[in-house]
Amino acid sequence: MKKVITFAVALLTFVQVHAQQTSPGNLPKQSIYLEIGGASNLAGLSYERRFSGNDRFGWRTGVAFVYAEHMSIFTGSDDLRGWTVPIEVNYLTGRRKSHLELGVGINLGYYNEHTHYYYYQHTGEVDGIYQYDVEQRHDTRNTWGHFFYGNIGYRYQAKSGFQFRAGISPSFNLGGDHAVSKSFFWPYLSLGYAF
């Protein structure tokens, strides 16, 4: 938990130091968009706002749904579903309508995990062959989790109207009881409206 708090303080310090810097351009002040993949996991809806006017620095938050499933013939299956909240600070470079998007953030989530597994009980040996009783078991649990992520991608954004984003979102965690493991590089695609 201390690592999460340290990261959040460092992120807020970064935002405060750079929030006053503005760059030329005509970026809209805010946008709303649907994101598939990336920090939203499966799919999510996000709201984004520039810090001041057409500032290149901005922030974003939203709500997203995650679902993942793993199956094995020998060990059983796991499925995970839940709701998450990505919180991010980002920076846009470029002029006119095309921009390089760079961001860093944390994703906080509440997950429900279902595990179906086989329990093998050794019952003896007949003619050198081990005998087992097999019992299928089921567990379910609810838990909080978090992971950190970055955004590196392309953004098409007019002065107002259509917005398109695509890129990769590397994710990582700093360990701890509630750290979520996720594939390191996760692609994202989003469509939205800027105003």
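Okay, let's start with Arg141, which is partly exposed, with a relative accessible area of 49%; buried here means under 20%, exposed over 50%, and partly exposed in between, using a 1.4 Å probe and protein chains only. Quick caveat: this is a predicted model, where local features need pLDDT of at least 70, side-chain atom pairs count only at pLDDT 80 or more, and totals for chains, interfaces and linings use all residues. Residues are numbered from 1 along each chain as its sequence is written, and side-chain values use heavy atoms, with hydrogens and water left out.

So who does Arg141 pair with? Its salt-bridge partner is Glu113, with the closest N and O atoms 3.0 Å apart; the term needs a side-chain nitrogen of Lys or Arg within 4 Å of a carboxyl oxygen of Asp or Glu. This pair links distant parts of the chain, Arg141 in strand 6 and Glu113 in strand 5, 28 residues apart. Strands are DSSP runs of E, at least two residues, numbered from the N terminus. Glu113 is partly exposed too, at 22%.

Now look at Glu101 and Arg155, whose side chains meet in a salt bridge at 2.4 Å, N to O. Glu101 sits in strand 5 (residues 98-126) and Arg155 in strand 6 (residues 129-157), so this pair ties together parts 54 residues apart in sequence. Glu101 is buried at 0% relative accessibility, and Arg155 is buried at 0% as well.

Then there's Glu48 with Arg50, a salt bridge at 2.9 Å, N to O. Glu48 is buried at 2%, and Arg50 is buried at 4%.

How many salt bridges does the structure hold? Nine. And there's a network of them, with Glu48, Arg50, Glu101 and Arg155 among its members.

Notes. Helices (H or I, at least four residues) and strands (E, at least two) are DSSP runs, numbered from the N terminus.
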